Structures are given as structure tokens and as C-alpha cells.
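This briefing covers one protein model, grouped by topic. Please keep the structure open while reading.

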Amino acid sequence: MKKIIAFTLLIVFCLSGCSSVSKTDVGSDSASGSVQADVDFYNQADLTKLKGKKIGITIQTLDNAYWAGVMSALEEQLEQYGVDYTLQDCDQNSDTQIGQIENFITDQCDLILVNAINADAVEDVCAKARASGIKVMCWDDNMENTDVNWVLDNTYLGTEIGKLAGEFINTHYDTSNKAQVAVIGYNSISILEERAEGIKEGLEESASGKYSIVAEEDGLDPSGAQSSVEKILASNPECKVVVGIGSGAMIGANEAYMNHYDSDIPEDVGVITTDVTKRQLNALLSDEACRGIIGFEGSDVDTAKAVTAMFDLMLEDKVGGKVVYRAVSPITTDNGIAILDEMK
């Protein structure tokens with residue numbers, strides 16, 4: 001049952017969509033309480049058991065392309081399996097999010113999904129939910145007062161972005177012709193700072209001696225990233241590679257390069273980030289500056305299916321650990337069309 005819809009399709013960033021190579025062998029680690037998720041893990045779910053279950057979902061914001069696509073796909077999944085759900089946008093306000101979780105407790109939900117704007121701020125109310133017998137799942141943060149945290153290893157994710165960028169650099173540059181690289185990050189959010197540090201580690205691992213980082217700027221949303229890259233190009237016109245922490249960094253950097261080169265992008269210009277939106281995929285498949293994406297489950301439909309499976313696995317106590325690490329793998333022109341076909 002759909003109770004709340006709040007989608008404003010603005011393209012901005014994503015903090016947290018290809019199946020799937022995990023950072024370690026897939027399976028449960030009883031010592032650390034962690035699970036490496038893959039397709040077989042999600043296939044354990046019996047989604048028919050979700051019929052009639054009451055689930056409350058509170059999301060940081062729905063005013064961005066990634067979350068809008070994934071949540072639209074998730075709604076379709078929940079409706080398909082007869083879930084009684086409430087989906088709410090806290091508009092990036094912790095007090096609002098706390099109130100939403102309080103209402104989910106009052107409504108006696110079976111499970112609450114929290115994409116926390118501030119994980120520390122919602123710890124107490126999530127503890128209250130669990131004390132009431134409600135399962136709590138956090139999307140993105142390793143919270144204490146939850147049953148399951150569905151997360152990315154952000155350092156590892158960053159490393160994979162850096163390594164994919166390194167492959168691009170190795171193709172077009174060498175030690176006598178080094179790539180000038182810009183890193184678009186956002187240090188105000190800890191997981192994105194970890195991601196940016198991982199990017200630099202991945203670059204060094206895969207393309208040591210063939211690049212130099214000439215600038216590091218913030219760029220959370222497309223307009224901010226575009227402004228940052230335009231500023232970089234003004235002082236470093238030969239900066240031809242941008243690595244970044246999310247879809248906003250890719251979309252903004254791509255626009256800056258399209259303007260800089262009057263839409264005729266040289267083959268040695270490349271933008272490599274994470275997340276997956278239609279805009280990114282269309283640019284990737286259209287000879288624009290986007291050259292590769294480190295994605296998650298695949299399309300936003302694939303991510304929605306994984307989340308729906310998580311709901312059943314949690315309610316049936318089949319997860320096998322408190323921390324579930326999402327798998328990541330590259331999206332390139334080789335698999336981009338198939339993923340685009342399933343995007344919302």
C-alpha cells in the first residue's frame with residue numbers, strides 16, 4: 001500500500017546501484033558479524049512472505065536522481081508483494097526523521113528502514129523501536145542500535161574507482177606524459193572523505209608514476225562539481241582526468257568538459273566516479289567525458305530487488321550477520337546498455 005510519495009526529479013548527488021564482485025569471498029563471517037552479499041545471498045529470500053508486513057521507510061532526501069529512481073523501483077517491488085509500507089522523505093532534517101521513526105513505532109511496523117541524515121541523532125529512537133520488537137535496518141551507516149546495517153566499504157569503493165581510473169590512465173598516458181588528475185570529493189561527510197582517500201589509494205595502486213593530482217575540490221551536487229571543474233580548468237587547462245565520489249561529481253565534471261571542448265571530447269579525457277543514474281549511463285554510452293562507473297547491484301531496479309530481499313531475510317532471521325556489505329563492480333560500455341534498459 002503506497003502511503004506517501006515525494007519525488008522531485010532533480011539530479012544531485014548520491015551517498016550511497018552491477019552484480020557483482022565483492023571485496024572478499026561471499027559469505028558470512030561469524031567472527032566479525034559481517035556478510036558479503038551477492039546474488040545467491042539475496043536469492044535466499046522468499047518474497048511471498050512479505051505480504052501484509054508493515055514497513056516504514058525514512059530516507060534522507062528524495063530530491064535526487066539516484067534515490068528517486070531506486071525508491072520508485074522499491075515501491076513497485078513492495079506493491080507487487082503486497083507490503084503495507086510508508087515511504088517518507090525527512091528533507092535532510094534529523095528532527096523530522098526522529099519524528100517519522102516515532103510514528104513508525106506507534107504504527108507498530110514490523111520493520112523500519114533508516115537512511116539516516118545523522119546516524120548518531122537517530123540511535124536512541126532506533127533503540128526504542130527495537131525495544132518495541134521492531135526490526136531496524138540502516139542503509140549506509142554502521143549504527144549500533146540496529147539489527148542490520150546495509151553498507152558499502154567506502155574505502156574499498158573508493159579504491160575501485162581509483163583503479164578503474166588507473167586503467168583509463170594506463171591506456172592514454174605514461175611516465176613521460178603524465179595525466180593531470182582532479183579529485184572531486186566532499187570532506188564534510190565522513191563516508192565521502194573515506195571514499196576520496198580510497199580513490200587516491202586506487203590510483204596509486206594501478207597507475208603509479210603516470211599521473212599527478214593537480215587539484216582537490218568539493219563537488220557534492222552537479223552544479224557544485226561543474227563549478228569546481230571549471231575553476232580547475234581555468235588554472236590547469238591540461239587537467240583531463242576527474243575522479244569523484246558520486247553521481248554529482250560525474251554529471252558536473254562531464255558538463256564542464258563538454259563546455260570546455262565544445263562537445264567534442266578527446267579520447268584522453270575521462271571522468272570516473274560511482275553511483276548510477278540515467279544521465280551518467282547516457283553520457284557513458286554517448287562518447288561524452290564519462291568513461292566508467294563503479295556501480296553496486298546494477299540498475300536501480302536491481303538495487304530495489306536487493307532491498308526487498310533484505311526485508312524478508314531480516315524478518316525471517318536469515319541474514320547471518322549484523323553488517324551486510326554490498327558488492328561493487330565496474331560499469332563500462334560493455335555492460336552499460338543492459339543496465340540502462342532496467343533503469344527507472
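Ile294 stands opposite Pro330 in strand S14. Three bridges join strand S12 (residues 290-295) to S14, and the two run antiparallel. The model is a predicted one: local features need pLDDT of at least 70, side-chain atom pairs count only at pLDDT 80 or more, and totals for chains, interfaces and linings use all residues. Residues are numbered from 1 along each chain as its sequence is written, and side-chain values use heavy atoms, with hydrogens and water left out.

**Confidence**
- The protein averages a pLDDT (the predictor's confidence in each residue, from 0 to 100) of 90, and 91% of the residues score at least 70.
- Over residues 1-32 the pLDDT is below 50, yet this stretch has 115 contacts in the model beyond near neighbours in sequence; contact means heavy atoms within 4.5 Å.
- Where pLDDT is low, the predicted coordinates should not be read in detail.

**Sheet and packing helices**
- Six strands form an open sheet in the order S9-S8-S10-S11-S12-S14, with mixed pairing; two strands pair if DSSP finds at least two bridges between them.
- Strand S9 (211-218) and strand S14 (329-331) are the edge strands, each pairing on one side only.
- Helices (H or I, at least four residues) and strands (E, at least two) are DSSP runs, numbered from the N terminus.
- On average, neighbouring strands of this sheet are turned by 20° against each other, direction ignored.
- Helix H5 (residues 154-172) packs on the sheet and touches strand S8 (179-185), S9, strand S10 (239-244), strand S11 (270-274), S12 and S14; the direction of H5 makes about 160° with that of S11.
- Helix H6 (residues 190-207) also packs on the sheet, touching S8, S9, S10 and S11, and its direction makes about 170° with that of S9.
- Axes are lines fitted to C-alpha atoms, for helices over the stretch in contact, and angles run from 0 to 180 degrees between N-to-C directions.

**Asn115**
- Asn115 lies in the loop between strand S5 (111-114) and helix H4 (119-131).
- Not counting residues up to four places away in sequence, Asn115 touches Thr58, Ile59, Gln60, Trp67, Gln97, Trp139 and Asp140.

**Cysteines**
- The structure holds zero disulfides (pairs of cysteine sulfur atoms within 2.5 Å).
- The sulfur of Cys109 is 12 Å from the closest cysteine sulfur, in Cys126, which is too far for a bond; Cys109 is buried at 7% relative accessibility.
- For Cys138 the closest cysteine sulfur is also in Cys126, at 7.3 Å, again too far for a bond; Cys138 is buried, at 0%.

Terms used:
Buried means under 20% relative accessible area, exposed over 50%, partly exposed in between (1.4 Å probe, protein chains only).
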